Amino acid sequence: MRGLLLLLLLHLSLLLHPSSTSPVLAGKESGGTNAVEDILRRGETLRASPSVQLAAAQGVLLRLLPSHNSSFLLKVVPKGLCERFSCFRIGNVANSTPNGPEIMIEGSTAVEVSFGLHWYLKYWCGVHISWDKTGGVQVATVPSPGSLPRVQGRSVKVERPVPWNYYQNVVTSSYSFPWWDWRRWEKELDWMALQGINLPLAFTGQEAIWQKVFKNFGVNNIDLGNFFGGPAFLAWARMGNLHGWGGPLSQNWLDQQLSLQKLIVSRMIELGMTPVLPAFSGNVPAIFRTLFPTASITRLSNWNTVNGDPRWCCTYLLDPSDPLFIELGRAFIKQQIKEYGHITNIYNCDTFNENLPPTNDPKYISSLGAAVYDAMAQGDGDAIWLMQGWLFSSDAGFWKPPQMKALVHSVPIGKMIILDLFADVKPIWKISSQFYGVPYVWCMLHNFGGNIEMYGILDEISSGPIDARVSQNSTMVGVGMCMEGIEHNPVVYELMPEMAFRSHSIQIEGWLKNYSFRRYGQANHQIEEAWKILYHTIYNCTDGIADHNKDFIVQFPDLSPIQEGSQVLQISKSKNTRFSLRETKSNSQEPHLWYSTKEVIKALELFIVAGSSLAESLTYRYDLVDLTRQVLAKLSNQVYLDAINAYHQNDASELTLQIQKFMELIEDIDILLASDDNFLLGTWLESAKKLGVNEKEKRQYEWNARTQITMWFDNTETNQSQLHDYANKFWSGLLKSYYLPRASTYFSYLLQSLNKNEDFPLEKWRRNWISYSNKWQQGQELYPVKAEGDAISIANALFAKYLS
């Protein structure tokens, strides 16, 4: 093992040099650099003491590697260690004693210490750390206490070239977090610290804060019953896209989530992170029109409902220019400070997220922005507005340079930080003169809807943040991960956090070779070759199309086959770069394919060959299942197209053959997914029910969990939700009980239509299918929470059946 570790270190020697610091920002606006440094200085005053942070960092080590708790000497050094922002230093402990510390990790905060620990374990000991649901940690390569590899020279110091590493999207809380308890959150906070994340969103429990605030404005709990969304739809209720859907929230839920939030933000502070808390965006309950009849309250337009049902459609927005807006915004900030203490100056607000201002007049937009910020500043005099820049992508037609500049300059430079949310695909900093001098964070969006699909742009991740930071007049102040859902594509989430500490781009092939060593705990030639292929195919998406899985199994076309001719349904390789949540339903509903399936099948074959030596590795088993699923899902797309072509050619025999193959693929993929604990529907459903304190709540939470991953939103008897399958999942149980009956029903009508020479009964199929779907959402069937079968044997059998 030591020989392999030395080989690993040799390959990584070019990667381990300390990051050099370089000037950051300030763009064309004078004082930009000083403004950011002022934010950092104020943030330091809100941090926990060094002793508290040290205890938190030691807790991370103890939970990660209890056997080596005494092998490391950890130190939090707030002053004097770093040149500009923050850093960590790794060195040998001089005159170490048996059973005593061998390696010293110093950092300016507990986050830096934790990331420094991860850096050492990764690049000296071959350790890999990922989410439990993507295979978990691989620490078998760590030498026993007393034998840890020494650091050459006196020490290695790594400086952050930019101050912040941001984490989360405002919808991640609903796609991935809604059913988490403290045990799961503690794991996530450890993961965040080990990835160097120091600017995380902290949105849990805000409904309980709003309940207390609204009460002081005359709103009772009955009025709030149709205001808050259900647990799986809170993100969109918070943004004002909907109200009441999936609700109401019980007092149990509100109290439980507030208690959980207090644990979350307390640990964030202990780790030296700066939590980003929510601020008021203008979304108010309908009763406000009665309570405040002279207030300027606008009813927003329909957001993705089928027919504008007022029970959840068309929310109410209080105009930021109304004095009541300032009162509410101030009260909300003050109530958070009362509950959590003064723990941050940074607040997120996305007033115009997929909701347009009433006019494009720059003066009006500027006044709105100033009022939004004023509401924060009234509650916290040092408030910083952090805004998701998604609106500049999703509504690019509205946010032209005059409108964008009016909004971002509506507050003084240094009082706003923008998340360039989609910079991995559509960077706004390049077309906005660095956001007109306003500090921004280069973000990777990567995933829509929490879908399960292997996808990434590793070259852009490794170079995009560097290019942005060194560009002329750069105002970049951080990197961020803003995926809609987490717990997938571990390679992407291994690389992306590193870019907050990298001053130079990474040579990906060399990095991946060592990634595969770390992930599986040993070198393997077949795996190395497989990852080289995956890098140039699956993880090299350069067509500008956003990653939103539309494989036919999980997003079945809601169309008549008459509309599904060969010119309509072809695997998409277009250059369309615009993507919005409102664009999830189109006539084409095309699966996205950006790589050679032949090459990826070769990678899978190499993975299968490697199974003889990697069979005991949970990370290998996860990747094998995921890659086999990916290959078979793309195969199923072609089978579906072959079925439709057979229908158009009036070939009943061929149609029957392709239908049978498509159905078998669904069943076989379900069996494959059932062999790994991390691809099970039952886990999602049982975690939802576990949070309910009575039978009524358990039923409600299960309905929320089932609905989000299927219909998502409302439907009629003959019209599916406009967001159906938006949050689709390749999970065992879901394929067999939901996607398989849907395809079976459709194809039975299709075959009947061909045999009887009749038009396809689209409305009849829809009525049948939607009825089944609604019943499934209301269902209480139990699904396994433990894997069944051997993943390696199943993958081998499926390869032989479909691909050899």
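This is a predicted model. Begin with the cysteines: a search of the whole structure turns up 2 disulfides. Counted along the chain, the bonded cysteines follow the pattern 1-2, 3-4.

**Stop 1: the disulfides**

Select Cys82 and Cys87. Their sulfur atoms are 2.2 Å apart and form a disulfide. Check the torsion about the S-S bond: it is -85°, a left-handed link. How accessible is each end? Cys82 is partly exposed at 21% relative accessibility, whereas Cys87 is buried at 0%.

Move on to Cys313 and Cys314. This disulfide also has its sulfur atoms 2.2 Å apart. Both Cys313 and Cys314 are buried.

**Stop 2**

Select Cys482 and Cys443. The closest cysteine sulfur to that of Cys482 belongs to Cys443, at 3.5 Å, which is too far for a bond. The cut-off for a disulfide is 2.5 Å. Cys482 is buried, with 0% relative accessibility. Now go to Cys541, which is in no disulfide; its nearest cysteine sulfur, in Cys482, is 19 Å away. Cys541 is buried too, at 3% relative accessibility.

**Stop 3: the sheet**

Switch to a cartoon view. Here 4 strands make an open sheet with mixed pairing, in the order β1-β3-β2-β4. Which strands stand at the edges? They are β1 (72-76) and β4 (155-159); each has a single partner strand, so one side of each lacks a neighbour in the sheet. On average, neighbouring strands are turned by 15° against each other, direction ignored.

Select β1 and β3 (residues 103-107). They pair in the parallel sense over 5 bridges.

**Stop 4: the rings**

Show the aromatic side chains. The structure holds 73 aromatic pairs. Select Phe392 and Trp399: the ring centres are 5.7 Å apart and the planes stand at 85°, so this pair is edge-to-face. Phe392 is buried at 2% relative accessible area, and Trp399 is buried at 3%.

Next, select the cluster linked by ring pairs: Tyr175, Phe233, Trp236, Trp245, Trp303, Trp312, Trp703, Trp712, Phe713 and Tyr726.

Finish with charges over rings. Arg184 lies over the face of Trp180, 3.9 Å from the ring centre. Lys729 lies over the face of Trp731, 5.6 Å from the ring centre.

Definitions and conventions: Residues numbered from 1 in each chain as written. Predicted model: local features only at pLDDT ≥ 70, side-chain atom pairs only at ≥ 80, totals over all residues. Heavy atoms only, no water. Phe/Tyr/Trp six-rings, centres within 6.5 Å; stacked < 30°, edge-to-face > 60°. Buried < 20%, exposed > 50% of the residue type's maximum accessible area, 1.4 Å probe, protein only. Lys NZ or Arg CZ within 6 Å of the ring centre and 35° of its normal. Pairing = 2+ DSSP bridges. Helix = DSSP H or I, 4+ residues; strand = E, 2+ residues; numbered from the N terminus. Axes fitted to C-alpha atoms, helices over the stretch in contact; angles between N-to-C directions.
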